[in-house]
Amino acid sequence: GWVDRFVGWDSDAVRRVLRRFPRLQPQPAANQTPLKASYDVEGLTASERSAIRRALGAAGLDARLVYSAGRHLDVLPAAAGKGNAASFAVGTWGVDAHEVMVFGDSGNDLDLFQRGFQGTLVANALPEIRRAVGRDVYVSPKAYAAGVLDGIRHWSTA
């Protein structure tokens with residue numbers, strides 16, 4: 001099942017490996033979970049992300065890095081993420097992806113927009129996600145909850 005994909009994941013091992021990257025500042029304990037190691041780091045470069053992936057891989061940790069807002073890094077099991085979770089739910093419910101609406105505003109939502117769902121970016125979305133989504137995503141001129149409502153109207157009449 002779904003949970004079996006995470007057997008063998010060790011977020012404490014992730015934290016031990018990532019201690020060698022001094023720019024990564026662990027977020028407070030309340031933000032840490034058995035399936036997520038979270039850090040604050042300003043301006044993490046592609047080169048640094050590659051070095052982190054290599055270090056995790058060398059330790060046998062199959063991880064997904066989610067960097068958002070130019071300062072938040074989440075390290076998750078490779079099978080984790082919002083897109084995988086939403087796809088699992090859709091499959092469980094027996095509906096088609098094009099019947100599902102998703103909404104987002106930052107890099108940690110990007111995975112949702114790569115699954116064939118009806119996607120809406122709200123007006124307050126960060127530039128990182130605006131650049132990364134395809135033309136099939138509706139970009140609302142409204143922010144926050146008003147953008148979600150606008151997206152619902154958009155996709156309900158499409």
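Modeller: The model is predicted, so local features are taken only at pLDDT of at least 70 and side-chain atom pairs only at pLDDT 80 or more, while totals for chains, interfaces and linings use all residues. Residues are numbered from 1 along each chain as its sequence is written, and side-chain values use heavy atoms, with hydrogens and water left out.

Colleague: How do you know how many helices and strands the chain has?

Modeller: Helices are DSSP runs of H or I with at least four residues, strands are runs of E with at least two, and both are numbered from the N terminus. On that basis the chain has five helices and seven strands. Along the sequence they follow the pattern α-β-β-α-β-β-α-β-β-α-β-α.

Colleague: What makes β3 and β4 a pair?

Modeller: Two strands pair if DSSP finds at least two bridges between them. Six bridges join β3 to β4, and the two run antiparallel; therefore they meet the criterion. Ala 63 has Pro 77 of β4 as its bridge partner, and Arg 64 stands opposite Leu 76 in β4.

Colleague: Why are β1 and β3 called edge strands?

Modeller: Four strands form an open sheet in the order β1-β2-β4-β3, with antiparallel pairing. β1 (25-26) and β3 each have a single partner strand, so one side of each is left without a neighbour in the sheet.

Colleague: What packs on that sheet, touching β3 and β4?

Modeller: Helix α2 (residues 46-58) does, touching both strands; contact means heavy atoms within 4.5 Å. Its direction makes about 155 degrees with that of β3, where axes are lines fitted to C-alpha atoms, for helices over the stretch in contact, and angles run from 0 to 180 degrees between N-to-C directions.

Colleague: In which order do the strands of the parallel sheet stand?

Modeller: That open sheet has three strands in the order β5-β6-β7. β5 (101-104) and β7 (138-139) stand at its edges, each with a single partner strand, so one side of each lacks a neighbour in the sheet. Thr 120 stands opposite Tyr 138 in β7. Helix α5 (residues 144-157) packs on this sheet and touches β5, β6 and β7, its direction making about 150 degrees with that of β5.

Colleague: Why is helix α1 called mostly covered?

Modeller: Buried means under 20% relative accessible area, exposed over 50%, and partly exposed in between, with a 1.4 Å probe and protein chains only. Six of the eight residues of α1 (residues 11-18) are buried, among them Val 14, Val 17 and Leu 18. The buried residues of α1 pack against β2 (37-40), α2 and β4.

Colleague: Is Phe 113 buried or exposed?

Modeller: At 9% relative accessibility, Phe 113 counts as buried, because the limit is under 20%. Phe 113 lies in the loop between β5 and β6.

Modeller: Most residues other than glycine have a negative phi. Ala 69 has a positive phi of about 60 degrees although it is not a glycine. Ala 69 lies in the loop between β3 and β4, a hairpin with three residues between the strands. Its relative accessible area is 23%, so Ala 69 counts as partly exposed.

Colleague: Where is Tyr 144, and is Tyr 144 buried or exposed?

Modeller: Tyr 144 is in helix α5, and its phi is positive at about 50 degrees although it is not a glycine. At 60% relative accessibility Tyr 144 counts as exposed, because the limit is over 50%.

Colleague: What is the volume of the largest pocket, and what makes a pocket?

Modeller: On a 1 Å grid over the protein atoms alone, a pocket is an open set of points with protein on both sides within 12 Å along at least five of seven lines, and lining residues have an atom within 4 Å of a point. The volume is the space filled by probe spheres set on the points, which are joined across faces, edges and corners. For the largest pocket it is about 290 Å³. Of the 16 lining residues, the closest to the centre are Val 66, Gly 107, Asn 108, Leu 110 and Asp 111. The largest share of the lining, four residues, comes from β3.

Colleague: How many of the lining residues are nonpolar, polar and charged?

Modeller: The lining divides into seven nonpolar, four polar and five charged residues. Ala, Val, Leu, Ile, Met, Phe, Trp, Tyr, Cys and Pro count as nonpolar, Asp, Glu, Lys and Arg as charged, and the others, Gly among them, as polar.

Note on methods. 1 Å grid on protein atoms, 1.4 Å probe; cavity = no way out; pocket = protein on both sides within 12 Å on 5 of 7 lines; lining within 4 Å.
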